[in-house]
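Good morning. Please look at the chain on the screen while I go through its shape and its surface.

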Amino acid sequence: MKNNIETFEEELNSIIEICDEKIKHYKALLEEYQMIKGSALSLLNLNNNTKRKVVSLIDALKQLKYRLYALMESENAEHED
């Protein structure tokens, strides 16, 4: 009986060790995933900020273009008069 209990304890300890190793492995994978996810979110945020800045720049350039056209037209109108 005592021998059976010792064998059972050894098997149980072996199972616990395997489970502990699996848990450590999955925790490491989870930490790596969290780092990758954080990096991806940072890049996405940077991309969104860049898009906003580019759109603002394009709008400003369009306004400048229209102002230049208006100035050129007013210059042409003055020369025609």
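The protein chain has 1 helix and 0 strands; helices (H or I, at least four residues) and strands (E, at least two) are DSSP runs, numbered from the N terminus. Its radius of gyration is 35 Å, well over the 12 Å from the globule rule for 81 residues, so the chain is more spread out than a compact globule. That radius is taken over C-alpha atoms, and the rule is 2.2 Å times the number of residues to the power 0.38. Along the principal axes, the C-alpha atoms fill a box of roughly 120 × 10 × 10 Å.

A word on the source: this is a predicted model, where local features need pLDDT of at least 70, side-chain atom pairs count only at pLDDT 80 or more, and totals for chains, interfaces and linings use all residues. Residues are numbered from 1 along each chain as its sequence is written, and side-chain values use heavy atoms, without hydrogens and water.

How much of the chain is buried? Buried residues make up 0% of the 81 residues, where buried means under 20% relative accessible area, exposed over 50%, and partly exposed in between (1.4 Å probe, protein chains only).

Now two residues. Leu-61 is in helix H1, residues 2–80, and is partly exposed, with a relative accessible area of 48%. Glu-6 also lies in helix H1, and is partly exposed as well, at 38%.

The chain exposes about 7900 Å², with 60% of that supplied by carbon and sulfur atoms; accessible areas come from the Shrake-Rupley method with a 1.4 Å probe, and for residues only the protein chains shown count as cover.
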